Amino acid sequence: MLHDAIIILLFPALMAFAASSDLLTMTISNRVSLALVAGFFLMAFLAGTRLADIASHAGAATIVLVGGFVCFSRGWMGGGDAKLAAATVLWLGFEHTLTYLVWASLLGGALTYLILKFRLAPLPQMLAGQPWAERLHRVDAGVPYGIALAAAALLVYPDTSFMRAAGL
């Protein structure tokens, strides 16, 4: 029962929190990534996941983390985004990593385009005085890419072995 609750609730809730946090504050707390990592290992333990499978998932996450930090060091993405992507891939494993990264890229491109269009228009009056909207509207601000990372994760997650094992 706890295992199913973790599978059904934890991952999607943390993805939603990461996306909303990035939208509102332009940051993704390390606690979100750490909670994803801890939740994965708890869920894997409760499910009796083989050590080889856990190691495979960890390997996929490590590769994404290294790639994410290369992107971070070049200024292409935020550190929170790199950590979130790696923690997400820990749950998805090699089987779904490419699909996840393709979705994240496509959704991230669409998100970036929409935000650039938003910045070209005057800020709507109903959003004036809202710190998050004013920050998002600034031309020198970044893009809350965590939204795309979380959306991609939620698109891919239903196809994972964990969800299939839970009968979902």
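**Along helix α3**

Begin by selecting helix α3 and colouring Ile 54, His 57, Ala 60, Ala 61, Val 64 and Gly 68, which are the places in this helix to look for buried residues. Keep in mind, as you look, that this is a predicted model. The helix itself covers residues 51-73, which makes 23 residues, and from its first C-alpha to its last it reaches 32 Å, close to the 33 Å expected at 1.5 Å a residue. If you then step just past the end of α3, you come to Gly 75, which takes a positive phi of about 80°.

Next, select helix α1, residues 2-25, and find Asp 22 within it. Asp 22 is buried and yet has no salt bridge, and the nearest side chain of opposite charge, that of Arg 135, is 8.5 Å away. To see what does touch Asp 22, leave aside residues up to four places away in sequence and show Thr 27, Ile 28, Asp 81, Pro 144, Tyr 145, Gly 146 and Ile 147.

Is Leu 106 buried or exposed? Leu 106, which has its place in helix α4, is exposed, because its relative accessible area is 54% and the cut-off for exposed is over 50%.

Notes: Residues are numbered from 1 along each chain as its sequence is written. This is a predicted model: local features need pLDDT of at least 70, side-chain atom pairs count only at pLDDT 80 or more; totals for chains, interfaces and linings use all residues. Side-chain values use heavy atoms; hydrogens and water are left out. Helices (H or I, at least four residues) and strands (E, at least two) are DSSP runs, numbered from the N terminus. The expected span of a helix is 1.5 Å times one less than its number of residues. Buried means under 20% relative accessible area, exposed over 50%, partly exposed in between (1.4 Å probe, protein chains only). Lys and Arg count as positive and Asp and Glu as negative; His and the chain ends are not counted. A salt bridge is a side-chain nitrogen of Lys or Arg within 4 Å of a carboxyl oxygen of Asp or Glu. Contact means heavy atoms within 4.5 Å.
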